[in-house]
Amino acid sequence: MNLHTDRDAEFYARHPFGKVPVLEHGDLTLFESTAIGLYAASQPNSRLLGTTPAEKALIMQYILYADNEINAHATAWFLPLRGIIPYNKPAEELAQQNLKRALTNLDKIVADKTYLVGDEITYADICVVTSLVPSYTYLFDKNAREEFKNVLRYFETIMDTPHFKTFFDFFKYCETPLTYTPTE
């Protein structure tokens with residue numbers, strides 16, 4: 001299914017917002033990756049959302065950090081280079097600056113940590129690491145990744161776990177970053 005062109009009337013009848021991904025589970029229909037992930041992580045006996053109020057708040061903090069500081073800026077940088085939205089050089093420069101600021105802060109946070117919260121993978125790690133995948137795939141070559149050594153170590157540690165290996169077996173690091181190429 002081409003998600004840009006194959007959304008027919010039946011799809012919109014079931015999903016009026018027209019957004020993907022979508023999870024249908026019994027009578028529940030969810031859209032937005034974070035909501036779907038929160039639902040999956042909140043199943044009985046899961047510790048992915050923490051066990052104490054402090055852990056739960058810290059995990060939510062990093063979920064929002066991934067969405068607002070990593071994903072938002074990486075998307076603003078990446079989509080115009082792919083020709084998905086119009087290119088604007090000042091907007092690209094601002095997105096680069098903001099993403100690098102976010103990664104500089106994250107680099108300090110993970111300097112002495114394996115996981116963002118506690119001593120095992122949580123939904124915070126899932127959100128942050130998956131938010132880094134597009135940048136490490138298309139924007140950050142080896143030299144750029146080395147600028148954030150602690151983030152790279154953290155990313156590689158999480159990506160080396162069995163679940164991540166299963167779902168990200170396609171992942172390859174960027175060798176040559178995307179650059180803007182004007183269309184004629």
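Predicted model: local features only at pLDDT ≥ 70, side-chain atom pairs only at ≥ 80, totals over all residues.

Residues are numbered from 1 along each chain as its sequence is written, and side-chain values use heavy atoms, with hydrogens and water left out.

Q: What pattern does the protein follow along the sequence?
A: Helices (H or I, at least four residues) and strands (E, at least two) are DSSP runs, numbered from the N terminus. The protein has 8 helices and 2 strands. Read in order, that gives α-β-β-α-α-α-α-α-α-α.

Q: What is the radius of gyration of the protein, and what does the globule rule give?
A: The radius is taken over C-alpha atoms, and the rule is 2.2 Å times the number of residues to the power 0.38. The protein is as compact as a globular protein of its length, 184 residues, because the two values are close: 18 Å for the model and 16 Å from the rule.

Q: How many residues of α5 are buried?
A: Buried means under 20% relative accessible area, exposed over 50%, and partly exposed in between (1.4 Å probe, protein chains only). Among the α5 residues that pass are Y123, C127, L132 and Y136. Helix α5 is largely enclosed by the rest of the structure, since the count is 12 of 17.

Q: Which helices do the buried residues of α5 pack against?
A: Contact here means heavy atoms within 4.5 Å. By that test, the partners are α2 (33-41), α3 (53-81), α4 (89-109), α6 (142-146), α7 (149-159) and α8 (162-167).

Q: How far apart are the end C-alpha atoms of α5?
A: The expected span of a helix is 1.5 Å times one less than its number of residues. For the 17 residues of α5 (residues 123-139) that should be 24 Å, and the model agrees, with the ends apart by 24 Å.

Q: Is H73 buried or exposed?
A: H73 sits in helix α3. Leaving out residues up to four places away in sequence, H73 touches N68, A95, N98, L99 and R101. Its relative accessibility is 15%, so H73 counts as buried.

Q: Where is N45, the residue with phi near 70 degrees?
A: That phi is a positive value in a residue other than glycine. At 79% relative accessibility, N45 counts as exposed. Its place is the loop between α2 and α3.
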